[in-house]
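Hi,

Here is the structure I said I would pass on. Have a look at it, and then read my notes below.

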Amino acid sequence: MRILVIEDDDDLADALVRRLRRVGHAVDWQSDGLIASGVLEYEHFDLVVLDVGLPRLSGLDILMRLRERGDKTPVLMLTARADIEDRVNALDVGADDYLGKPFDFRELEARCRALLRRPTGHVSEITRFGGLTIDGAARQVTFGEVRLDLPKREYSLLEILLRGLGRVVSKEEISHKLFAFDDEAGPNAIEVYIARLRKKLDGTPLRIETSRGAGYILHADRPPASGDA
Amino acid sequence: MKTHLIMASIALAALCAVAPAHALDGETLDIGPAEATDVLTIDASTNTQVFLGILRDFQALYPGMRVVYTELPTQTLYDDALTRRAVPGPASPMAPESASAAARSRPDLIISSSMDLQTKLVNDGYAQPHVSPETTALPEWARWRNEVFSIGGEAMTFVYNTHAMAARDAPRSRQQLLAMLRDPAQPLQGKIGTYDVAHSGIGYMAATQDARRDSMAGALWAAMGNRAAVVDAYSDGLLDRIERGELTLGYNVLESYAQRRIAAGAPLGIVRPDDYTLVVSRVALIPRDARRPELARRFLDYVLSARGQETMQRESRMLTVRTDLDAKAFTGAMRPVALGTGLLVYLDDLKRQNFLQAWRGAIGQRAASAGH
Amino acid sequence: MREFPTLARWSIRRRLLVPLCALFIAAMLVLYVAARGYGRQAADTSYDHLLQASVLSMTDSLQLVQGTWHMDMPYAALEVLSLAANDRVFYRVTDGAGRVVTGYPDLPAPPRLTADDPQPALFDAAYSGELVRFAVLRHEIAGPEANAVAIVQVGQTRLARDALATDIVWRATLIIGILTLAVLALVWVGVHRSLRPVARVERELLTRQASALSPIESPVPRELVQLVAALNGFMARLAGNLDTLRVFIADAAHQLRTPLAALRAQVQVALDEDDPAEQRRSLIAVDRNAARLTRLVNQLLSDASVNHRSSLQRFERLDAVALVRDALQDVVPQADPHPDVIWHCALAHAPLQGDALMLREAVKNLIDNALKHGSPDRTPVVVTLERDDESWRLTIDDQGPGIPPAQAQTIFDRFVRGAGTRAGGAGLGLSIVRRVVEGHRGTIVLSNRVEGGLRVSVRLPAA
């Protein structure tokens with residue numbers, strides 16, 4: 001998914017970005033509040049990790065502007081302050097979640113996952129389609145006993161398509177969510193990833209249908225079932 | 001004419017028969033165990049018979065005490081007190097005379113009917129104070145300086161022979177007596193008697209009190225003189241004559257004495273004059289030089305107590321001074337003579353001389369020329 | 001705690017009551033003495049009138065009969081004296097030759113008598129074992145051959161008049177006594193009620209939370225308005241202090257948490273990372289943040305210690321040269337690559353009075369600042385110590401960006417960082433330095449150098 005990290009501490013931001021990228025997300029980083037707010041105006045992200053203490057424009061102000069625009073992008077706020085008032089304030093202004101520094105990365109990732117889950121309506125990270133099990137936390141797909149070998153990008157692509165289950169997902173949308181500003185993606189990168197993914201999904205209840213000129217649709221033979229078996 | 005002359009000479013003789021007072025050998029009562037260590041010595045002017053009942057009752061209360069009660073004339077009581085006193089004190093204007101005083105032991109209590117002489121003793125510093133609940137209960141007129149106390153009252157009354165005078169004829173007031181004395185029918189000619197004021201302490205005091213209270217006192221005495229009044233220095237003497245019939249009426253006679261005789265059957269009647277009835281008191285004081293003053297106090301407290309007063313009334317026929325116990329005792333025409341400095345006035349030599357002169361003039365001179 | 005004199009500790013009640021009490025007791029004593037005099041006089045006067053009346057009454061009844069005096073004493077002469085119920089009476093009438101006409105012959109002699117005194121003269125003398133008040137009158141009438149003189153003397157013991165005098169005195173004293181008690185009670189009550197507003201304020205303060213520093217609401221009488229205003233001012237300053245402190249703590253916490261978070265994040269990344277190059281990257285970042293934390297903690301501790309020290313004011317004789325050298329030693333890292341710090345000092349000694357720790361911290365802060373912000377490409381920092389009139393001047397020159405004029409003053413405030421500094425320090429340094437310098441009665445001036453860079457100039461008075 002496409003994530004924007006807004007944090008002015010270099011080392012912390014660096015760690016965040018690297019970690020999230022390792023997982024497979026497309027991560028962009030901004031350290032200036034004002035610029036970050038501008039970016040949010042013209043680019044859509046699936047998740048924003050927002051620090052409160054920023055130069056030029058505070059995290060709360062960025063959030064406020066975001067919400068005033070009606071933008072419902074999930075926001076996870078980070079801060080060094082421990083006041084309950086700050087937390088309540090942030091949540092009231094429109095943050096979806098709040099994490100205090102210093103934090104454990106695992107917790108951060110879990111919260112990110114939770115926030116990314118929301119639009120889909122999934123209540124947990126495990127989704128099943130018949131014998132096909134998709135573990136969002138581990139970022140693994142198993143079919144029956146066999147684990148499907150999916151590199152990061154391919155998994156992310158699957159993730160993107162799953163979000164739009166049953167509807168057309170355009171190439172722009174895929175591209176936007178799959179690649180950050182700095183990522184270099186060739187013109188056919190998406191087709192290549194789609195092809196690879198399609199091959200791996202062969203035989204599973206999921207199949208990718210190409211909608212000429214529009215995009216791609218992920219179909220499921222069976223309705224998804226979430227939770228443990 | 002001759003009868004009148006005889007009457008007059010008898011009257012004169014009677015007058016002459018009156019001897020100047022001299023010290024009597026005091027009659028003594030000695031009650032109680034002879035070996036008692038507590039000996040109360042009382043010198044009093046009251047007849048021993050009158051006080052016997054009281055002394056007996058007191059003795060019953062304190063059986064271990066011995067009481068020596070000596071009867072003496074009031075003047076003797078006074079004079080003895082003066083002689084006995086060794087410490088410097090005011091020299092009395094009245095010359096002490098009695099020599100026998102030194103021989104007797106000092107009394108612990110002096111009871112006298114001569115209120116003025118007792119008061120003078122107190123004024124001149126011969127008494128010692130005593131305060132107790134009983135003395136505090138006395139009315140104001142009955143004590144002075146907590147040094148002299150009235151222990152019982154005596155009314156000064158008219159006493160008449162019931163054979164010689166019917167009750168309805170007896171005068172009820174001084175005005176009536178005066179009218180009777182002035183009656184041209186002369187019913188009381190040579191038959192009226194009173195105290196020899198010159199020789200009787202109580203008589204003198206009663207007369208001076210009359211002079212104060214009664215505007216007609218002088219006229220009364222003059223009237224008595226006109227009727228050849230007989231004077232006697234002693235109550236008993238006067239009462240004897242009335243009892244015998246020599247006199248019909250006695251003026252200013254002590255009620256208790258008369259009552260005693262009546263109780264013994266004498267044909268006497270008593271009238272308390274209703275214009276005013278003078279009440280004199282027997283007064284007691286504790287001399288400063290008393291040997292056993294605490295015994296005297298005990299006796300005083302007894303006499304002034306309800307029991308003592310009741311005994312006094314019963315045995316001695318005296319009026320109670322505890323008006324707080326018997327409010328009706330001094331109502332009406334009863335006029336108690338109050339203890340205080342006023343009583344000293346008539347003790348003044350010159351005053352006394354003046355008074356006696358006037359009195360003698362009123363009673364004596366006329367008596368001499370009574371027979372015409 | 002300073003020992004206040006015991007007097008200053010007295011309660012207001014006591015302050016009012018003690019002098020009042022003393023005043024009233026003194027007044028009572030004075031009044032008692034006066035009342036005694038007056039009482040005796042008044043009692044004497046009233047009873048003297050009776051005594052004189054008695055003498056006059058007796059004199060009236062005197063008659064000269066054939067050359068000798070006769071008196072028919074009126075009853076009233078002694079009766080009038082019975083008003084004094086328990087007093088004994090004595091009297092005497094003598095003629096001109098001293099012969100007693102009547103009465104007590106041994107009465108004490110009167111003082112000189114003048115013939116023309118219409119009123120009986122009064123005097124006291126001992127008689128019959130007591131002090132007796134006498135009135136005496138010399139009465140002269142014309143006789144057949146010569147004038148006849150009679151001296152009438154009446155006396156009465158003093159029981160009644162002494163009782164009256166005492167009564168008067170004690171009544172007066174009693175009234176004063178009651179008045180005193182009433183006044184004292186009134187004062188007590190008055191003070192109590194007057195102090196109610198204080199009690200109210202006290203209650204209000206007692207029930208307050210420790211953090212509630214709002215002004216006192218209770219209405220107070222005029223005398224207390226200033227006190228309450230001072231208290232409110234004090235509380236406001238305290239609140240200000242607390243706010244500053246709170247902000248400081250919040251900011252400090254914030255400052256600390258950020259490098260800690262970075263540290264932790266980088267470590268976790270490094271643990272997950274397989275690529276040694278990436279791991280190395282993370283480790284370098286860890287080291288960097290650890291250093292940041294160290295510096296930050298040092299600064300915070302320095303600030304705290306300076307704060308603490310400044311309230312202790314332990315001044316002693318120091319050598320500025322040695323001090324600056326020590327500071328340089330502490331601050332400038334010795335390991336390579338080490339920054340260039342040039343030390344100029346022509347002096348052998350620079351004695352001054354001061355607190356060694358505080359001054360050292362201040363110098364360290366300044367040099368640290370210069371190194372941090374004023375040496376972007378390892379350009380040298382020049383530290384100079386020289387004499388300037390009555391002071392020592394320490395100058396630190398760097399070739400950094402300097403400070404914008406707009407920030408010249410505010411830069412000294414806590415947590416204000418220069419423009420362009422990012423998460424480098426907590427911004428405590430200069431505020432610490434200013435406090436130390438001011439505490440030593442010195443001055444500090446920041447100026448931009450003509451050739452570029454910042455000049456920090458500190459002057460401290462020489463000893």
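At what angle do helix H6 (residues 174-182) of chain B and helix H8 (residues 217-226) of chain B pack, and how far apart are their axes? The angle is about 35 degrees and the axes are 9 Å apart. (Axes are lines fitted to C-alpha atoms, for helices over the stretch in contact, and angles run from 0 to 180 degrees between N-to-C directions. Helices, H or I with at least four residues, and strands, E with at least two, are DSSP runs numbered from the N terminus.)

Before the rest, some housekeeping. This is a predicted model, where local features need pLDDT of at least 70 and side-chain atom pairs count only at pLDDT 80 or more, while totals for chains, interfaces and linings use all residues. Residues are numbered from 1 along each chain as its sequence is written, and chains are lettered from A and ligands numbered from 1 in the order in which they are written.

Back to that helix pair: H6(B) and H8(B) cross in a left-handed way, meaning that the near helix is turned anticlockwise from the far one by less than a right angle (clockwise would be right-handed). On the H6(B) side the contact uses B:Arg174, B:Leu177, B:Leu178, B:Leu181 and B:Arg182, and on the H8(B) side B:Ala219, B:Leu220, B:Ala223 and B:Met224. Contact here is two residues with C-beta atoms, placed from the backbone, within 7 Å. By class these residues are seven nonpolar, no polar and two charged. (Ala, Val, Leu, Ile, Met, Phe, Trp, Tyr, Cys and Pro count as nonpolar, Asp, Glu, Lys and Arg as charged, and the others, Gly among them, as polar.)

Now chain A. It has eight helices and 13 strands, and 38% of its 229 residues are buried. (Buried takes 20 or more other C-beta atoms within 10 Å of a residue's own, exposed 12 or fewer, partly exposed in between, with C-beta atoms placed from the backbone.) Five strands of chain A make an open sheet in the order S2-S1-S3-S4-S5, with parallel pairing; strands pair if DSSP finds at least two bridges between them. Strand S2 (26-30) and strand S5 (97-100) of chain A are at the edges with a single partner strand each, so one side of each has no neighbour in the sheet. From one strand to the next, the twist averages 20 degrees.

Strand S4 (residues 75-79) of chain A runs parallel to S5(A), joined by four bridges, and A:Leu78 has A:Leu99 in S5(A) as its bridge partner. Helix H5 (residues 105-117) of chain A packs on the sheet, touching S3, S4 and S5 of chain A, with its direction at about 175 degrees to that of S5(A).

Chain C has nine helices and 14 strands, and buried residues are 27% of its 463. C:Gly67 sits in the loop between strand S1 (62-65) and strand S2 (68-71) of chain C. Why does C:Gly67 count as exposed? Because it has 11 C-beta neighbours inside 10 Å.

Finally, the interfaces. Chain A gives 17 residues and chain C 18 residues to their contact. Helix H1 (residues 10-23) of chain A supplies the largest share of chain A's side, eight residues. Between chains B and C, the contact takes 19 residues from chain B and 21 residues from chain C.

Cheers
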